Amino acid sequence: MNVEFTLNGKRETFDVEKSDLLLDVLRRNGYTGSKRGCDTGACGFCTVLVDGEPENSCVTPVTKIEGSEVETIEGLGTQDDLHPVQQAFVNRTSLQCGFCIPGMIMSAKALLEDNPDPTKQEVREGLEDNLCRCTGYKKIVEAVMDASELMNGEVAADGGWVDEPTRPDACGIECSTPGETNE
Amino acid sequence: MSKPAGDPNADTETGAAEAIEETEQYPMEFEESENNRKAESERENISDSVEKYDARKIATGEARYTADFSINFPDLLHAKVLRSDIAHGYVKNIDTSAAEEMDGVYAVITPEDDVVPDELYTSAGQSYPEPTPWDMRVLQTHVRYVGDPIAAVAAVDAATADKALRKMSVEYEEREPVLDYHEAMDPDAPQLFEPGDVENKQTGADYERNRESRIAGEIGNVDATFEQAEHRDDWHVHETEWETPYQSHCIPEPHTTIGYRDEDNRYTFVTATQVPNHTRRQLSHLFDIPVRDIRVHKPRVGAGYGGKQAMILEPIVLALVLETDHPVKLEATRQEEFTAMRFRHPMSVTLRSVVSDDGELKAMDLYALSNTGAYGPHGMTVAGNVGTKPLPIYPRTENVKFVADIVNTNLPIAAALRGYGAPQGHFAVESHIDEVAHDLGMDPIEFRSINHVREGDLDAIAGILGGDAEGSKRRVRSCGMSECIARGKEAIGWDDLEQPEEDHCHRGVGIALNAQGSGVAGDNLGAAHIKMNEDGSFIMQVGGVDTGSGTDTMFTQIAAEVIGCDAESVVLQSSDTDITPFDYGSYASSTTYISGQAAKKAAEDALDSILYWAAKLLEEPKDDLEATDGVVRSTVTGEHVTLESIGYESIYGGPENEQVMGEASHSTEESPSPFGAQFVDVTVDEETGEYELNKMVYAADCGVAINPALVEGQIEGGEHMSLELAVSGNLEFDEDGEPQTLGFRQYGMPRTTDHPDMETILVETHEPTGPFGAKSIAELPTNGVPPALSNAIYDAVGVRISTLPVTAEKISAALEE
């Protein structure tokens, strides 16, 4: 059977099996940026945007997205012209093995489109469904904060940071702890 | 009382003479190459956080991991593995007929098939011969855990292969399993291995008692010191016990291998591995195929953390390639990752110590019982690190004993996991030290400061298992431990912690000191080759295996620092057994220290030719020239020539044409320790036992940090894994040994919201034996959080948690006592 949807801004028709999941169809057709991590929607490595919302493509039946708009990592910037979120991840060295990064960047993009000026705690909550094993998330959260500034035009997109942004961190603790503030 | 004969604590003139002799035998000085020690202002490359070599292709999704190569093979077959669903017994029969008749199934293999080697081997990706028993087979008939591979299928797609697995029926003859490792050595425990089931047995093996190995070492006289303590009021004995669980690597990219026979009739593998050269050798031995006919190519790897210091899927793939003569891909499922790949060893560790009133450590006696699971890859060597990594934090302790038993059980296979035994050891040592400090009425930092390692110490403990006592000592030539403690203490706010307003909430801080190593002393090899293009750029081949940490970037920075060019001028090719020089692989914190030194020496070799051509062009003596800023300049006349001019002249200039190249190998007896201090700030609710981490600080001395941002990334990622071991990592099994932790949903891998604020501090020292003064960093920070958290909880509410993970229930129960 055929399924038709918009992929990275272009109308596409794919020959699929009824039982196919979106990730299978993407990867089979060369869109290998989305990674297979668990096949149960539990790691976020396969995150793509469906009508602007982050979805785990490994548990999304392809028949369900007929007529939808799908965005994958391949639809963002190129190596010579990175999207601000990609640029921020590169500048901050927020990536190591990189297997979670395409999904993480797609979630971060959706987060910033929804909330262009998030606090660190909001970034953490927004990326809660995307696992990363290499970084301890520190530089990832920092990159998303940087990307927010980049996209809001607060920092020139020249690839370098004039000042390292410093912000008080949210502690997230239930007992109130003196000296710590939630933004 | 009179001192026993040969008292190791006796301070005599003979002792002083020995000290002088030792200074000569283990000098502080080390002859470094002239360029090795540079002030920060003189460094052109290594101290910059240059962009990670593969950053852009990762950010755009173009980086290709093993599974992404599938689209290159139109006739690719997809493999699946049938695994034992009993913990212990024998496969009496597998009915494969229904599976074999299915459309789209190309092959079903069992141990009966000729393509499946009838050989014992180990999956441990170690040097030859592996310090690990050969105790497993590619497909098993005697199954020893739920997950043991017993048959495999290759089919036209993964769904068909899965269906074929479900059509196979297996008859077992069950045996009683060993499921509690504390009971594995009991005389009446069921036995896992019969005579003839194991070759290449290791030290102290006793398979009648399910013991893979027993290791032991001692310096000084531990028993005499404990006996002495019994008679002295000013010496104190402490004994503590600690327990750690299974931990999963949670490797982002599941183990994946593609194998095929190429047009030259050779077997090529694209595979997610940390050890391409070991894998090639081990496949060669197992299948009796010459090394030259096997090629192992490592693409981007979605991390390893030790889990891919192993040859797990490659033999099954090769057997299926031989059977079908098609390219075959095998990709582990996440459930297989959580049940049938590899894990951190659960351990039970006991530590006894003698300490004097004034806080001097007189003796330490460490015993570890390690559960290696059904088979023993890395079993003995991991257990060794339990003692040899953390105990040298206190190297002036004159009497030290360390013993470990490594036992088999009918549970999943433990093997290499970042830290490699050191995290279990650190939990015991650094929590024990805290207890002793409190008993002495001393601040835990003050007590540590009396005893911890300093520059100039002669450490005999790291080599305690070595046998040759004299040959195994290590002079500590770089150590920033004091500064790590001072700066970390300041950052965590040790001295001015404010308590929460709520009476039932209490805030505390804890510290743990960390040590590791830089490669395996005397058992390592890195090699590199570099060639110059006519435009003055370079192509460098290194065997060093980047599995994500950024070592490819580090290699380009080291070469650039030597040659005086930009790191971007160096194109890097890594880890292809046909193309790149030999390397043992990325493990044991060796890549920067060992392979990085090979890269530096290769670049120096090339620089020699560059200077030769520059001298010709400038008509000045070679000795007057220096390479900097992409040119070679005369220090006498100031004249210069660009690398591009040298490139064109050397290749197109005339009858003397040559390509400027450099090559080098590096191996060493040295393995200097990086040092670190982990701090944890925690708030505990005494009503519920619930706790929240407020902040973690890690201060690290890895010598000169090459690419500080990448080094910080290693520390923050290492702390993440350490945090998990402390608070949430564990595997659960039912009473039959059936795994209950099958995926991320059941396993407690920390998410963004589970991480407290983290601060990373780099303390620079200069390690003269390392490239530009560098030591390793990757494993060091996996050691700190469990003891630092246990110590912080003690500081907050006065109870000691001695088993991991630390839970609210355990704290609550301890508070009720």
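Visitor: What makes B:Thr160, B:Ala161 and B:Ala164 in helix H4 (residues 158–166) of chain B count as buried?

Guide: A residue is buried if 20 or more other C-beta atoms, placed from the backbone, lie within 10 Å of its own; 12 or fewer make it exposed, and in between it is partly exposed. B:Thr160, B:Ala161 and B:Ala164 are buried in H4(B). The model is predicted: local features need pLDDT of at least 70 and side-chain atom pairs pLDDT 80 or more, while totals for chains, interfaces and linings use all residues. Residues are numbered from 1 along each chain as its sequence is written, and chains are lettered from A and ligands numbered from 1 in the order in which they are written.

Visitor: Why are the buried residues of H4(B) said to line one face of the helix?

Guide: The arc is that of the directions from the helix axis to the C-beta atoms. For H4(B) the buried residues fall within an arc of 100 degrees, so they line one face. An α-helix has 3.6 residues a turn, so residues three or four places apart point the same way. The cover over the buried residues of H4(B) includes strand S1 (77–83), helix H3 (97–101), strand S3 (105–109) and strand S5 (149–155) of chain B. Helices (H or I, at least four residues) and strands (E, at least two) are DSSP runs, numbered from the N terminus.

Visitor: How do you know that the length of helix H3 (residues 101–114) of chain A agrees with its number of residues?

Guide: The expected span is 1.5 Å times one less than the number of residues. For the 14 residues of H3(A) that gives 20 Å, and the end C-alpha atoms are 20 Å apart, which agrees.

Visitor: Why is H3(A) called largely enclosed?

Guide: Of its 14 residues, 11 are buried, so the rest of the structure largely encloses H3(A). Among them are A:Ile101, A:Met104, A:Lys109 and A:Leu112. They pack against strand S3 (47–50), strand S4 (53–56), helix H2 (84–91), helix H4 (120–126) and helix H5 (138–151) of chain A, together with H2 of chain B.

Visitor: What makes up the contact between chain A and chain B?

Guide: Two residues are in contact if their C-beta atoms, placed from the backbone, lie within 7 Å. The contact takes 55 residues from chain A and 56 from chain B. On the side of chain B, helix H16 (708–727) is one of the elements that supply at least two residues, and H16(B) has the largest share, 7 residues. That side divides into 18 nonpolar, 18 polar and 20 charged residues, where Ala, Val, Leu, Ile, Met, Phe, Trp, Tyr, Cys and Pro count as nonpolar, Asp, Glu, Lys and Arg as charged, and the others, Gly among them, as polar.

Visitor: What are the domains of chain A?

Guide: Domain bounds come from an automatic or database domain assignment. Chain A is divided into domain 1 (2–75) and domain 2 (84–151), with C-alpha centres 21 Å apart. Their contact takes 14 residues from domain 1 of chain A and 12 from domain 2 of chain A.

Visitor: What makes the largest nonpolar core a core, and which residues have the most contacts inside it?

Guide: A nonpolar core is a set of buried Ala, Val, Leu, Ile, Met, Phe, Trp, Tyr and Cys residues joined through C-beta atoms within 7 Å. The largest has 282 residues, and B:Ala79, B:Leu320, B:Ala559 and B:Ile793 have the most contacts inside it. H14(B) gives the largest share of this core, 11 residues. Not counting residues up to four places away in sequence, B:Ile793 touches residues including B:Gly508, B:Val682 and B:Ile811.
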